[in-house]
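Take a look at the model first, and then we can walk through a few of its features.

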Amino acid sequence: QVQLVESGGGLLQAGGSLRLSCAASGRAFSSYYMGWFRRAPGKEREFVAAISRTGSTTSKADSVKGRFIISRDNAKNTVYLQMNSLKPEDTAVYYCAAAARSSYVSGYYTAAGAYDYWGQGTQVTVSS
């Protein structure tokens with residue numbers, strides 16, 4: 001089992017940058033595929049980005065490509081989401097998640113159902 005705690009959220013103006021962190025404790029962090037999701041007010045939870053166990057493979061939603069970067073530091077048991085050129089539509093609660101299962105199915109880790117553990121979320125608010 002793994003416990004996840006997000007941090008780094010806040011309130012900022014459009015065009016700004018923010019880095020979210022997700023610290024993991026418990027079973028070996030490097031054995032988990034990690035993802036970031038978000039839920040905007042009145043909307044369904046949506047996939048943002050995911051990163052493989054070694055960090056060699058990443059995927060991102062089209063809405064954040066070119067603006068967001070996902071990375072991880074297995075020595076620090078932490079996954080990051082660097083968010084640049086933020087827009088008001090990026091306003092949401094951001095969650096990190098950990099997936100224990102392995103899959104080579106394309107798009108598998110973009111689905112919330114692939115993940116076994118979730119953090120409590122951190123609020124990001126972008127004003128226009």
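How many disulfides does the count come to? The count comes to one disulfide, taking a disulfide as a pair of cysteine sulfur atoms within 2.5 Å. This is a predicted model, in which local features need pLDDT of at least 70, side-chain atom pairs count only at pLDDT 80 or more, and totals for chains, interfaces and linings use all residues. Residues are numbered from 1 along each chain as its sequence is written, and side-chain values use heavy atoms, with hydrogens and water left out.

**The disulfide**
- Cys22 and Cys96 are the partners, with their sulfur atoms 1.9 Å apart.
- The pair links distant parts of the chain, 74 residues apart: Cys22 sits in strand S3 (residues 18–26) and Cys96 in strand S9 (residues 92–99); strands here are DSSP runs (E, at least two residues), numbered from the N terminus.
- The disulfide is right-handed because the torsion about the S-S bond of Cys22 and Cys96 is about 40 degrees.
- Cys22 has 0% relative accessibility and so counts as buried, meaning under 20% relative accessible area with a 1.4 Å probe, protein chains only.
- Cys96 is also buried, with a relative accessible area of 0%.

**The sheet**
- An open sheet is formed by four strands in the order S1-S3-S8-S7, with antiparallel pairing; two strands pair if DSSP finds at least two bridges between them.
- Strand S1 (2–7) and strand S7 (68–73) are the edge strands, each pairing on one side only.
- S3 and strand S8 (residues 78–83) run antiparallel and are joined by six bridges.
- Leu18 has Met83 in S8 as its bridge partner.

Conventions:
Buried means under 20% relative accessible area, exposed over 50%, partly exposed in between (1.4 Å probe, protein chains only).
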